[in-house]
Amino acid sequence: MGDDDVELEARLAEQDVFEPPSAFAEQANVADEAIYEEFEENWPDCWTGAADLLQWDREYDTVLDDSNPPFYEWFTGGELNASANCLDRHLDDRGDEAAIEWIGEPVDEDDRTYTYAELHREVNEFAAALRDLGVGADDVVTLYMPMVPELPIAMLACARIGAPHSVVFAGFSAEALATRMNAADSEYLVTCDGYYRRGDPLDHLRKANEGLDAVEHPVSDVVVVDRLGPNGDDFGHDLGEGQHDYDDLVAAHAGADVEPVARDAEDMLFLMYTSGTTGQPKGVKHTTGGYLAWAAWTSQAVLDIEPEDTYFCSADIGWITGHSYIVYGPLALGTTTMMYEGTPDHPDRDRLWQIVEEYEATQLYTAPTAIRAFMKWGTEYPDRHDLSSLRLLGTVGEPINPRAWKWYYRHIGNEECPIVDTWWQTETGGMMVTTLPGIKSMKPGSAGPPLPGVDVQIVDTNGDEVEAGRAGYLTVQKPWPGMLRTLYDNDERYVEEYWAEYSDTDSDDPDDWVYFPEDGAKIDEDGYITVLGRVDDVINVSGHRLGTMEIESAIVGVEGVAEAAVVGGDHPVKGEAVYAYVITEDGYDGDDEMRDRIVAGVEDAIGPIARPQQVIFTPELPKTRSGKIMRRLLEDIANGDALGDTSTLRNPEIVEEIRASVQD
Ligand code: PRX
């Protein structure tokens, strides 16, 4: 580093507040601070502007129907089709422009551009194929696919015929796939033969087939995309009965024209399973009108997307970020959205920067975990490339520490791009708390104020607002269009999980209902919110939500295990890592063989993302007199922190014993 650099780094390290760069502010989609007041005064009608970003087949009658809280309905009476909104209406102006730039992991080998016209054509063909297979409106189609273009094509094809999709992240295990297909009674699966990971073809169909074997109801059809071509031959898969080759199906429906099915605003667009505090994942239901309006409006207001942009979100479509901010939001706005199949370190650690340069990406939306990894790798990788096409940077999924924020700001954004640190969840459908990038100052480490029209309060256990600077619980006091409508087939659990904590559940008055996302947070005197993390038994590994119960039940399923407790411990790159405390049936030491079986058990039940960083064998777990496991102490041990209060424990002596075995 030269002297100037040292000086600059020192200045950045001390700076707590950053103003929106003026060149950005001058062109921002939202440029007037008055929006906050206007939305507050005009709530809920302020959301007609979001609905106006869409094309409606039938105008809605009511913006918000709040007569039966917490079962809110938005844009009721309206009808629309999400695929028509993402494709058909752009054909005149943007037909020859790129809708999707897909970048395969092997460099320059098989990148593909889909113009809006091409994407529209293939979505129609695949929609016709699905319909011919018997998929009808409201049949849930499971999509177990990696980052291949056929994934968004399948999503839009489902949307076109009114069939909700349920995308299962390709990194999830066969068992996780089966659990989700069973829970959704899904009789159709679209999957693929494999994909590339760090240079090697990976056999995905084997996992899909194993998962299918564990589905409890008949699965009528399976469609398999051939991603690997001859490189997949070694896996030796033949398509079985009821399995169809994607290309054959599309070819057989060449030129098909499928009339988009008009869907009620409140009809389900998709289901997305996410981890909760029980072993059973929650099927979050999103609707067609409110969700799409939310995804489009936030894409425009926060990510500042314009049709002419080439926008890059490095998330996986298997998570909500990819649904809202690779597929639905960007395509609803008619922009070019990029998809990258591989990892950021293949073939070298500059891969993302090479992609940004080659495609002249205008925005980059990624996770703090990725930024911390880039930071660790060093500036030489971004320095190899011209990143000046970037206009805005974003982060999502977990808190970003100020050091990583400043690194991103300086070394990727060259101090010319605002950063939006966006807090939201699978359940919220889209962003809730973040700065509007052309207007608001940025405070590294703090997501920012709630978006206009979003009513967030930080409260104590009684539901009363806490003072600035004090930690409390994040709550949302008013409904919003992108919100989940319920948990699939489980209205009761929906109320219990998200509303019961701070609401008067006997009341019909929407003012008595408060949404609780189960995050801790604090607010400063300017109304900026710093999210402190989950307050339930959910941990956040690399921005991905994992239920400790899900991991525990996988571990307890391993032969020879009597009991297990899983907690999150701090991790310098991933944010949190999985620590598993395990009691064996014979009471003491497990060995390496058992440790391997436990790790394999977790990978089989959930997937490699849930792999424990450490498995700690212990004769007992610290428990209160009423038998409750004191997880906080286990977290302290994992983090090497001073231990919290042990006086309420039935077996305080065990804590030191466990601590000694972790240090070993
Ligand atoms: O704890 C919060 C954390 O991620 C959780 C939501 O996870 P998921 O539903 O998988 O969605 C991730 C992508 C939206 C939240 O409850 N989280 C998300 N964004 C942030 C965050 N924590 C701090 N800062 C954020 N910007």
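Tutor: Strand β21 and strand β22 (residues 471-476) are antiparallel partners, joined by 4 bridges. This is a predicted model, and everything below should be read as such. Within that pairing, V459 has Y473 of β22 as its bridge partner.

The two strands belong to an open sheet of 4 strands, in the order β21-β22-β24-β25, and the pairing is antiparallel. β21 (456-459) is one edge and β25 is the other, each with a pairing on one side only. From one strand to the next the twist averages 45 degrees. In general, the strands of a sheet pair through backbone hydrogen bonds, in a parallel or an antiparallel sense.

A polar side-chain atom of R534 lies 2.8 Å from an oxygen atom of the ligand. β25 (529-534) is among the elements that give two or more residues to the shell around the ligand; the others are α13 (320-332) and β20 (419-422). In total, 17 residues surround the ligand, and the closest are D421, T422, T426, D519 and R545. By class, this shell has 6 nonpolar, 6 polar and 5 charged residues.

The side chain of D519 has an N or O atom 2.7 Å from an oxygen atom of the ligand.

For contrast, consider another sheet in the model. It is open, has 8 strands and mixed pairing, and runs in the order β12-β11-β8-β6-β7-β14-β15-β23. Its edge strands are β12 (243-245) and β23 (486-487), and each pairs on one side only. Inside this sheet, strand β7 (residues 165-167) and strand β14 (residues 268-274) run parallel and are joined by 2 bridges. There, H165 stands opposite F270 in β14.

Away from these sheets, a few local features deserve a look. The whole structure holds 34 aromatic pairs. In one of them, the rings of W43 and W74 have centres 6.4 Å apart and planes at 85 degrees, so the pair is edge-to-face. W43 sits in the loop between α3 (35-41) and α4 (48-51), while W74 is in strand β2 (residues 73-76), so that the pair links parts of the chain 31 residues apart. W43 also takes part in a cis peptide bond with P44, with omega of about 0 degrees. P44 lies in the loop between α3 and α4.

A cis peptide bond also joins H346 and P347, again with omega of about 0 degrees. P347 is in the loop between β17 (336-340) and α14 (351-359). D304 is not a glycine, yet its phi is positive, at about 60 degrees. D304 lies in the loop between α12 (289-301) and β16 (310-313). Most residues other than glycine have a negative phi, and most peptide bonds are trans.

Methods: Residues numbered from 1 in each chain as written. Predicted model: local features only at pLDDT ≥ 70, side-chain atom pairs only at ≥ 80, totals over all residues. Heavy atoms only, no water. Near = heavy atom within 4 Å. Polar contact = N/O pair within 3.5 Å; in protein donor to acceptor, adjacent residues only side chain to side chain. Nonpolar A, V, L, I, M, F, W, Y, C, P; charged D, E, K, R; others polar. Pairing = 2+ DSSP bridges. Axes fitted to C-alpha atoms, helices over the stretch in contact; angles between N-to-C directions. Phe/Tyr/Trp six-rings, centres within 6.5 Å; stacked < 30°, edge-to-face > 60°.
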